[in-house]
Amino acid sequence: GRGEFALNFGDYDVEITMPSDYVIGAIGECQNYKQVLSSAQFQRWTKAQTANEPIEVVTKDEALANEKRPESAKMITWRYKATNVRDFAWTASKKFVWDAMPHYNADGKKVMCMSYYGKEAYPIYSKYSTKVVNHTLKTYSKYAGLPYPYPVAISVEAANGMEYPMICFNPGRAEEDGTYSERAKDAAILVIIHEVGHNYFPMIINSDERQWAWLDEGVNSFMQFLTEQEFDNNYPSRGGPAHLITNYMKRSKDQLEPIMTNSENIIDYGNNAYNKAATALNILRETIMGRE
């Protein structure tokens, strides 16, 4: 349903067996990159551990060549371990470019920020996706006062946005000729920040979004607004500032509900669960209490 999911924490040890030409991304740490990657790819993965910019572990040229070849008959197994997470999710494709760079928490712990995407998303994702993942961890860690506790944070280009622990799926394709509009770029950045941000709310904080969507979507949308503005102070944020919600708040009373309404019973889910809470927190920060 609309309330998505809230699960118990668990540990995962997962083996995924696929044709050898598929690129896999998953929650947790891969235990056998040296066995499943080519020597050149493993060298790039090693280089990415200390990079200041995203390094393509699987390059665009490799992805284009891989896509054209018949599916491999050889099978290989990727092994992943994840500790203390609410779910397990993964992705696989012959078409993936995969890039990576590190984020360092305030406590010095390294987190690998990664993106997986096809050629259709390359113009936007190669420039922005992994950098936005890195920026999101930095900003959320600062405002939540909580260093990101997991070893990886992954953005996968997909048809729409959805979050899981350590991995999320986000839109971001360019036009067929490789060009893209500012609107398409901004939309990709918005969703990547939002879905990566869900690692904090609800995945780490563990609020029950099946019951109270605002504790998940609303708090996250407020943090998303702060993160967008720190990424680009001219970013056209769609939620947070009070003037953006006035048309909703002017509706008749039968179209307005308390934010403490169950996820399945909200009339206007976007405004009630996302924007109303984000705006209220922003007013609290900017007008009532002050930023400190």
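Me: Where does I167 lie?
Reply: I167 lies in strand β11, which covers residues 167–170. Keep in mind that this is a predicted model.

Me: Is I167 buried or exposed?
Reply: Its relative accessibility is 1%, so I167 counts as buried. The cut-off for buried is under 20%.

Me: What is I167 in contact with, leaving aside neighbours within four places in sequence?
Reply: I167 is in contact with G25, A26, I27, A89, W90, T91, I154 and V156.

Me: And how many Å apart are I167 and K94?
Reply: Their C-alpha atoms are 19 Å apart in space. Along the sequence, I167 and K94 are 73 residues apart.

Me: New topic, rings. How many aromatic pairs are there in the whole structure?
Reply: A search of the whole structure turns up 15 aromatic pairs. One of them joins F5 and Y164, with ring centres 5.8 Å apart and planes at 20°, so that pair is stacked.

Me: Why does 20° make F5 and Y164 stacked?
Reply: Planes under 30 degrees apart count as stacked. The angle for F5 and Y164 is 20°, so the pair falls in that class.

Me: Which parts does the pair of F5 and Y164 tie together?
Reply: F5 is in the segment before β1 (10–19), and Y164 is in strand β10 (residues 162–164). The pair therefore ties together parts that are 159 residues apart in sequence.

Me: What other aromatic pair does Y164 form?
Reply: Y164 also pairs with F169. That pair is edge-to-face, 6.1 Å centre to centre with 85° between the planes. F169 is buried, with a relative accessible area of 15%.

Me: Which residues form an aromatic cluster?
Reply: One cluster is formed by Y33, W45, W78, F96, W98 and Y116.

Me: Where does the charged end of K60 sit?
Reply: It sits over the ring of Y122, 4.6 Å from the ring centre.

Me: On to helices. How do α7 and α9 cross?
Reply: Helix α7 has residues 213–231 and helix α9 has residues 269–288. Their axes come within 8 Å and cross at roughly 55°. α7 and α9 are therefore oblique to each other. The crossing of α7 and α9 is right-handed.

Me: Which residues make the contact?
Reply: From α7, the contact residues include W214, F222, F225 and L226. From α9, they include Y269, Y274, L281 and R285.

Me: What about α5 and α7?
Reply: Helix α5 (residues 182–197) and α7 have axes that come within 9 Å and cross at roughly 130°. α5 and α7 are therefore oblique to each other. Here, α5 passes α7 in a right-handed crossing.

Me: Which residues meet there?
Reply: In α5, I189, L190, I193, H194 and G197 meet E217, N220, S221, Q224, T227, E228 and F231 in α7.

Me: Last one. Where is the place of Y235?
Reply: Y235 is in the loop between α7 and α8 (246–249). Its relative accessibility is 6%, so Y235 counts as buried.

Me: What is Y235 in contact with, beyond neighbours within four places in sequence?
Reply: Y235 is in contact with D186, A187, I189, L190, E228 and Q229. Separately, the C-alpha atoms of Y235 and Y140 are separated by 17 Å, and the two residues are 95 residues apart along the chain.

Notes: Residues are numbered from 1 along each chain as its sequence is written. This is a predicted model: local features need pLDDT of at least 70, side-chain atom pairs count only at pLDDT 80 or more; totals for chains, interfaces and linings use all residues. Side-chain values use heavy atoms; hydrogens and water are left out. Rings of Phe, Tyr and Trp (its six-membered ring) pair if their centres lie within 6.5 Å; planes under 30 degrees apart count as stacked, over 60 as edge-to-face and the rest as tilted. Helices (H or I, at least four residues) and strands (E, at least two) are DSSP runs, numbered from the N terminus. Buried means under 20% relative accessible area, exposed over 50%, partly exposed in between (1.4 Å probe, protein chains only). A charge sits over a ring if NZ of Lys or CZ of Arg is within 6 Å of the ring centre and within 35 degrees of the ring normal. Axes are lines fitted to C-alpha atoms, for helices over the stretch in contact, and angles run from 0 to 180 degrees between N-to-C directions. Angles under 35 degrees count as roughly parallel, over 145 as roughly antiparallel, 65 to 115 as roughly perpendicular and the rest as oblique. A crossing is left-handed if the near helix is turned anticlockwise from the far one by less than a right angle, and right-handed if clockwise. Contact means heavy atoms within 4.5 Å.
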